[in-house]
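User: Please take me through the terms applied to this model, and for each one set the value against the definition before drawing a conclusion.

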Amino acid sequence: MYFIDCETHIWDPMDDISYYPNFKKYQDSARCLMRMFGKQPQKRLATAEELIKSMDEGGVAKACVLPEIMLGLSHGHRVRSTNGYVAREVEKYPDRLIGVANVGPVSTRGKDAVWELKFLVNEKGFKACKIYSPDDCPINDQRNWPLYEAIQELGIVAFVHTGMAYVRPGRSAYCHPMLLEDVCADFPDIPIVAYHMGYPYHRELITLAGMFDNIYLSTSLVPQLARIDLSPIPFAEIIAEAIRYAGADKLIWGTDWSGRYVSHQESADLVKNFQIPKELQERYGCPPLADADRKAWAGLNLARILKVKVE
């Protein structure tokens, strides 16, 4: 099975900004996530080397790597990680890592964000751009339109954070999946991968994915948010609804790996072994998950829209 992770993060330790009040709020909300997941964070550093080790453990062929801006953590002092840092690390593992740009905050950078995206795609081989609205502006804010135009012109994929912000000081209202409707109406040719499947607003997103050909549903972090370790039924319902209304060719696998919350082995094993319970198959009128569906979910769907050759 060919696995491509749609969402991984690398960055240096952030001890130098840990004294900022907003960073402390971020840590508090991250601990809340841990309570939701029911587990303690791993001790791995979020480095390219540790990422490759985790990928090898799970049998993952490639991973999309992106920086995070999150200027609010340091009250505007510095970004969490840079595109240049990601580009340098991706160059060490060109056969395993795929560069994804994050050029925010778009609302204040404007044309400079567009320039940087074009540079990263044309000069550094980046294949996608992440839109992280919680610390910028709403997904459908008109200030994002020049960036969407550039994404469409470059023929790359847009990765969009959807659902809740999950960590402070981000704003959840900025990333509600229904905001994607305006973007799809004006930019139907951009493949849009919606991270976290819009959870807990996944039904709205699944419906949009059925309406628009260019919306894809990323399951990154969804098993943890739906607490599959307590009961597989909620997660199975999400997958059954997605297949029933949007189709298995819209599922995109990912982890949201940052060295802490989730392992590639655990996430890959879930896809290999997952099956929709019979009662849900009957309720939603969908067939059992076939091997072809699993392979599409694991990496073939993402490879197709990223234009990545599968060995």
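This is a predicted model: local features need pLDDT of at least 70, side-chain atom pairs count only at pLDDT 80 or more; totals for chains, interfaces and linings use all residues.

Analyst: Residues are numbered from 1 along each chain as its sequence is written, and side-chain values use heavy atoms, with hydrogens and water left out.

User: What makes a space a pocket or a cavity, and what lines the largest pocket?

Analyst: On a 1 Å grid over the protein atoms alone, a cavity is a set of points where a 1.4 Å probe fits but cannot get out, whereas a pocket is an open set with protein on both sides within 12 Å along at least five of seven lines; a lining residue has an atom within 4 Å of a point. Grid points are joined across faces, edges and corners, and a volume is the space filled by probe spheres set on the points. The largest pocket holds about 840 Å³ of space. Its lining has 40 residues, and Trp11, Tyr26, Arg80, Arg260 and Tyr261 lie nearest the centre. Strand 1 (4-9) and helix 1 (21-37) are the elements that give two or more residues to this lining, and helix 1 gives the most, with eight. Helices (H or I, at least four residues) and strands (E, at least two) are DSSP runs, numbered from the N terminus.

User: How many cavities does the search find, and which residues line the largest cavity?

Analyst: The whole structure has one cavity of 30 Å³ or more, and the largest cavity holds about 60 Å³. Its lining consists of Tyr26, Met70, Gly72, Leu73, Tyr132, Asp135, Val167, Arg168, Pro169 and Gly170.

User: Why is cysteine 184 called buried, and why is aspartate 213 called exposed?

Analyst: Buried means under 20% relative accessible area, exposed over 50%, and partly exposed in between, with a 1.4 Å probe and protein chains only. Cysteine 184 has 1% relative accessibility and therefore counts as buried, whereas aspartate 213, at 69%, counts as exposed. Aspartate 213 lies in the loop between helix 8 (202-211) and strand 7 (215-218). The two residues are 29 apart in sequence, and their C-alpha atoms are 9.0 Å apart in space.

User: How do you know that cysteine 184 is in no disulfide?

Analyst: A disulfide is a pair of cysteine sulfur atoms within 2.5 Å. The nearest cysteine sulfur to that of cysteine 184 belongs to cysteine 129 and is 15 Å away, which leaves cysteine 184 in no disulfide. The structure as a whole holds zero disulfides.

User: What makes tryptophan 145 and phenylalanine 187 an edge-to-face pair?

Analyst: Rings of Phe, Tyr and Trp (its six-membered ring) pair if their centres lie within 6.5 Å, and planes under 30 degrees apart count as stacked, over 60 as edge-to-face and the rest as tilted. The rings of tryptophan 145 and phenylalanine 187 are 5.6 Å apart, centre to centre, with 65 degrees between the planes, and the pair is edge-to-face. Tryptophan 145 lies in helix 6 (residues 145-154) and phenylalanine 187 in the loop between helix 7 (180-186) and strand 6 (192-195), so the pair ties together parts that are 42 residues apart in sequence. Trp145, Tyr148 and Phe187 form one aromatic cluster, and the count for the structure comes to eleven aromatic pairs.

User: Why does the charge of arginine 244 count as sitting over the ring of tyrosine 245?

Analyst: A charge sits over a ring if NZ of Lys or CZ of Arg is within 6 Å of the ring centre and within 35 degrees of the ring normal. The charged end of arginine 244 sits over the ring of tyrosine 245, 5.6 Å from its centre. Lysine 250 likewise lies over the face of tyrosine 216, at 5.6 Å from the ring centre.

User: What sets methionine 197 and the bond from arginine 168 to proline 169 apart?

Analyst: Most residues other than glycine have a negative phi, and most peptide bonds are trans. Methionine 197 has a positive phi, near 50 degrees, and lies in the loop between strand 6 and helix 8. The bond from arginine 168 to proline 169 is cis, with omega near 5 degrees.
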